[in-house]
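My notes follow in the order I looked things up.

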Amino acid sequence: MTSFTDIAVETTGHVALIEIRRPPLNFFDISLIQQIANALDEIDANPEIRATVLAAQGKAFCAGANFGDPKRQEIEAKAAQGDPADSLGQIGHLYIEAVRIFRAKKPIIAAVHGAAIGGGLGLAVSADFRITCPEARFSANFTKLGFHPGFGLTVTLPELIGQNNAELMFYTSRRITGEDAVKMGLANELVPLNEVRSAALRLAREIAECSPLGLLSTRATMRAGLAERVMEATEHELAEQTRLRATEDFKEGVKATEERRAANFQGR
């Protein structure tokens with residue numbers, strides 16, 4: 001298995017564990033998503049592995065993109081001046097890597113022990129199953145940022161929890177507790193915080209007891225066309241995010257989030 005910079009991959013028997021190592025909040029960027037996709041490619045190529053657990057160090061599973069990162073702010077400033085190496089193009093590359101995750105062939109269980117926010121929610125939802133705890137928080141917080149949902153969530157979230165529940169999460173940007181996530185079908189199992197990873201590994205081992213060829217065949221049927229639907233969705237999401245990123249409301253949403261206050265949106 002390749003050595004990665006921001007993730008670690010371990011295998012035990014027929015189960016692989018991918019651990020995100022950017023604590024405490026595990027903010028993502030293109031590199032992190034690419035590393036996860038690369039690890040999944042290697043897992044697919046290993047006939048001994050039948051299921052994967054995606055977990056994380058720190059207090060959050062993945063708190064999304066770090067809009068307060070000075071490097072990102074520098075990129076934003078260049079983008080405002082028309083620099084071709086802007087962050088919008090970077091988002092496009094990010095989504096190319098994200099679609100690769102949806103093309104993975106073997107079952108994935110996300111161990112969501114803390115916040116899964118924005119694109120972090122998109123990453124959690126890319127898995128087949130989610131094990132969580134009362135302390136976890138799930139949020140599609142894009143509209144609180146003056147933004148449009150991304151990471152294929154406009155396809156994956158409605159398919160998982162129903163159109164109206166997805167609309168509720170998108171329109172309010174509210175944080176969903178672990179208990180409510182299980183009730184609405186956003187997560188599959190609720191366990192104590194210190195048991196999230198072990199419960200995810202237990203489910204992975206249960207899956208791995210089944211026929212590997214049967215698993216591959218059945219999962220291919222159940223997720224047929226999903227990667228293509230996500231790819232089409234991210235093209236539209238990117239166009240909307242590009243448009244909204246240029247607005248005053250987006251700047252205000254990011255600033256308000258950083259300052260932990262209610263945003264004063266003006267609709268422009």
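This is a predicted model: local features need pLDDT of at least 70, side-chain atom pairs count only at pLDDT 80 or more; totals for chains, interfaces and linings use all residues.

Residues are numbered from 1 along each chain as its sequence is written, and side-chain values use heavy atoms, with hydrogens and water left out.

**Entry: the sheet**

I noted what the labels mean: helices (H or I, at least four residues) and strands (E, at least two) are DSSP runs, numbered from the N terminus. Two strands pair if DSSP finds at least two bridges between them. Strands of a sheet pair through backbone hydrogen bonds, either parallel or antiparallel.

S6 (residues 129-132) and S9 are joined by two bridges and run parallel. I then traced the whole sheet. It is open, has six strands in the order S1-S2-S3-S4-S6-S9, and its pairing is mixed. Which strands stand at the edges? They are S1 (7-12) and S9 (189-190). Each has a single partner strand, so one side of each is left without a neighbour in the sheet.

**Entry: strand S3**

I looked at S3 (residues 51-56) next. How many of its six residues are buried? The count is six of six, so I wrote down the cut-offs: buried means under 20% relative accessible area, exposed over 50%, partly exposed in between (1.4 Å probe, protein chains only). Ala51, Val53 and Ala55 point one way from S3. Thr52, Leu54 and Ala56 point the other way.

I checked both neighbours of S3. S2 (residues 15-20) pairs with S3 in the parallel sense over six bridges. Ile20 has Ala56 in S3 as its bridge partner. From S2 the chain crosses through helix H1 (residues 30-45) to S3, and this β-α-β crossover is right-handed. Right-handed means that, with the strands pointing away from the viewer, the path from the first strand over the helix to the second runs clockwise. S4 (residues 108-112) runs parallel to S3 and is joined to it by three bridges. There, Val53 has Ile109 in S4 as its bridge partner.

I picked Ile36 and listed its contacts (heavy atoms within 4.5 Å). Not counting residues up to four places away in sequence, Ile36 touches Ile7, Ile18, Ile20, Leu54, Ile101 and Leu123. Leu123 also belongs to H4 (residues 119-126), where eight of eight residues are buried.

Thr156 is found in H5 (residues 153-161). Is Thr156 buried or exposed? Thr156 is buried, at a relative accessible area of 6%. Leaving out residues up to four places away in sequence, Thr156 touches Phe102, Val125, Leu226 and Val230.

I followed H5 to H10 (residues 226-245). Their axes come within 8 Å and cross at roughly 130 degrees. That makes H5 oblique to H10. Axes are lines fitted to C-alpha atoms, for helices over the stretch in contact, and angles run from 0 to 180 degrees between N-to-C directions. Angles under 35 degrees count as roughly parallel, over 145 as roughly antiparallel, 65 to 115 as roughly perpendicular and the rest as oblique. Leu153, Thr154, Val155, Thr156 and Glu159 in H5 meet Leu226, Arg229, Val230, Ala233 and Glu237 in H10.

Met169 is found in H6 (residues 163-172). Met169 is buried, with a relative accessible area of 1%. Beyond four places in sequence, its contacts include Leu121, Phe138, Leu157 and Leu186.

The peptide bond from Pro23 to Pro24 is cis, with omega near 5 degrees. Pro24 is in the loop between S2 and H1.

Ser173 is not a glycine, yet has a positive phi of about 60 degrees. Ser173 counts as buried, at 5% relative accessibility. Arg260, also not a glycine, has a positive phi of about 55 degrees. Arg260 is exposed, with a relative accessible area of 79%.
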